[in-house]
Amino acid sequence: MLVGLAIAAILGLVLVAPIALAHHDASSLETAYGNAVITGLSRLNAGNVGANPTTANAQSLQQGRQSYTGSCSQCHGAGGHTQGAFGQTSFPPATDLTSDATSSLSDGQMFYIIKNGLGFTPMPAFSRQYSDTQIWNMVNFVRALQSGTEPLLDVPTPTPDQLTAAKLTSGGDAQKGADAFAAFGCSACHEPSGALSINPVNDNVANVVRNGRQGMPCFSTSLLADVVLIDIQAYIATFPVEGFLGGPNDQPGGGGSAPPAQSGSPPSGGGTSGPCSTSTSASAGGSASPAPAGSTSPTARISASPSPVATPTP
Ligand code: HEC
Ligand code: HEC
C-alpha cells in the first residue's frame with residue numbers, strides 16, 4: 001500500500017501539479033464551480049455582517065472610488081471589467097464586477113468578500129487596510145459601477161495649449177486616463193514629484209509605454225489598447241510642468257546623447273499585438289527599443305543619475 005501511495009504521490013507531482021500550476025484560462029465549468037462556492041460561502045457569512053449601514057451619497061462614492069482605484073483597479077480594472085494590469089493574468093482571473101454573478105451578491109456578501117478575501121485565489125483580504133466604513137463605501141462604488149452611475153474622477157480637462165505642447169493629435173479623455181494610469185500600475189512608479197515624475201510636455205509617452213525603459217515594463221496593444229493610451233497621454237498633459245522625465249533637466253549625466261527625439265507619433269503599436277519584445281517594430285525611429293545597458297543608450301540615465309535619498313539625521 002505504501003508503494004501504491006508513493007506512486008500516486010509521484011504521479012500527482014509529475015502530472016497533476018504542472019497542469020494545475022500552469023496558467024490557463026478558467027473553463028466555464030471551473031467558473032461555474034467557483035461562482036457557486038463564492039456565493040455559498042459568502043452567503044453563509046454575510047448573516048453576521050448585517051445590513052449596509054452607509055448611504056451611497058456623493059461623499060461615500062467619492063471615497064469608495066479612491067479606495068477602489070488605488071487598491072482594486074489593477075486587477076478588476078478601473079471600470080470593473082478586469083482591464084487592469086493583472087486582471088487577466090491570474091488564475092482564476094479577476095471577476096468582472098459588473099457581471100450578473102457579482103450583481104446578484106448582496107451588499108453583505110460583497111462586504112464579506114472584500115474584507116476577508118477569497119482564499120486560494122488572488123483576491124486579497126482588505127481587513128487590515130480599510131475600516132468597515134471604507135469597505136462599505138467600496139461596496140457602494142461597485143454598485144455604482146454596475147449601474148453605470150459612478151461619479152467621474154475629479155481631473156482637469158487638458159487645455160488646447162497643453163495638448164499642443166504635448167503634441168497630441170487627438171484629445172483623449174483625461175479622466176479616463178487617470179483611471180487607466182492607476183489600473184495599469186503607472187502610478188505605482190510615477191509619483192507627482194521627484195525623479196520619476198513626468199513632465200507634461202513629453203511627446204515620448206506612447207513610444208515609452210510600447211517599448212518600455214530600463215526599470216519600466218512595456219505594455220503591448222493587447223494589454224493596453226491604443227484608445228486607452230491616448231487617454232493616458234491626455235492625462236499626462238495635465239501634469240505640473242515641474243515633472244522630471246522628459247523635462248528640461250532630464251538629460252544623461254555628462255554625455256551629449258539626448259533621448260531620441262521621437263515625434264509626437266500616435267500610439268501605434270506598429271502592428272505588434274503580442275507581448276512586447278525587444279525587437280519590436282513599434283518604434284518608428286528604430287532607436288528607442290531598450291538597448292543593452294551601458295554605452296550611450298538613453299536607458300543609462302538611471303545609473304547615471306541616482307535619485308537623491310535623504311540621509312537620516314542623528
Ligand atoms: C491581486 C488581484 C486582486 C485585487 C487587488 C482585488 N481583487 Fe477582487 N478578485 C480577484 C480575483 C482573482 C477574484 C475571483 C476569485 C474567483 O473567481 O474565485 C476576485 C473576486 C472579487 C469579488 C467576488 C466577485 C464574485 O462575483 O465572485 C469581489 C466582490 C471583489 N473581488 C472585489 C474586490 C475589491 C472591492 C477589491 C479592492 C478593495 C479587490 N477585489 C481587489 C482579484 C483581485
Ligand atoms: C515598474 C515601474 C514603472 C511602471 C509601472 C511604469 N513606469 Fe514609466 N518609467 C519608469 C522608469 C524607471 C522610467 C525612467 C526610465 C529612464 O530614465 O529612461 C520611466 C519613464 C517613463 C516616461 C518618460 C520617458 C522619457 O524618456 O521621457 C514616461 C512618459 C512613462 N514612464 C510613462 C509611463 C506610463 C504611462 C506607465 C503606465 C502605462 C508607466 N510609465 C509605468 C518606471 C515605470
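Predicted model: local features only at pLDDT ≥ 70, side-chain atom pairs only at ≥ 80, totals over all residues.
1. Ligand 1 is surrounded by 29 residues, of which Cys72, Cys75, Thr102, Thr121 and Met123 are the closest. By class, this shell holds 20 nonpolar and nine polar residues, with no charged ones.

2. Several helices contribute to the shell of ligand 1. At least two residues each come from helix 2 (28–49), helix 3 (58–71), helix 4 (73–76), helix 5 (100–103), helix 6 and helix 7.

3. Helix 6 (residues 107–116) and helix 7 (residues 132–147) also pack against each other, at an angle of about 120° and with their axes 9 Å apart. Helix 6 is therefore oblique to helix 7. The crossing of the two helices is right-handed.

4. On the side of helix 6, the contact with helix 7 is formed by Asp107, Met110, Phe111, Ile114 and Lys115. Helix 7 contributes Ile135, Trp136, Met138, Val139 and Val142. The residues in this contact comprise eight nonpolar and two charged, with no polar ones.

5. Around ligand 2 there are 27 residues, and those that come nearest are Cys186, Cys189, Gly215, Met216 and Gly246. The shell divides into 17 nonpolar, eight polar and two charged residues.

6. Helices also take part in the shell around ligand 2. Helix 10 (186–189), helix 11 (205–211) and helix 13 (301–304) each provide at least two of its residues.

Technical notes:
Residues numbered from 1 in each chain as written. Chains lettered and ligands numbered in written order. Axes fitted to C-alpha atoms, helices over the stretch in contact; angles between N-to-C directions. Helix = DSSP H or I, 4+ residues; strand = E, 2+ residues; numbered from the N terminus. Parallel < 35°, antiparallel > 145°, perpendicular 65-115°, else oblique. Left-handed = near helix turned anticlockwise from the far one by under 90°. Contact = placed C-beta atoms within 7 Å. Nonpolar A, V, L, I, M, F, W, Y, C, P; charged D, E, K, R; others polar. Near = placed C-beta within 6 Å.
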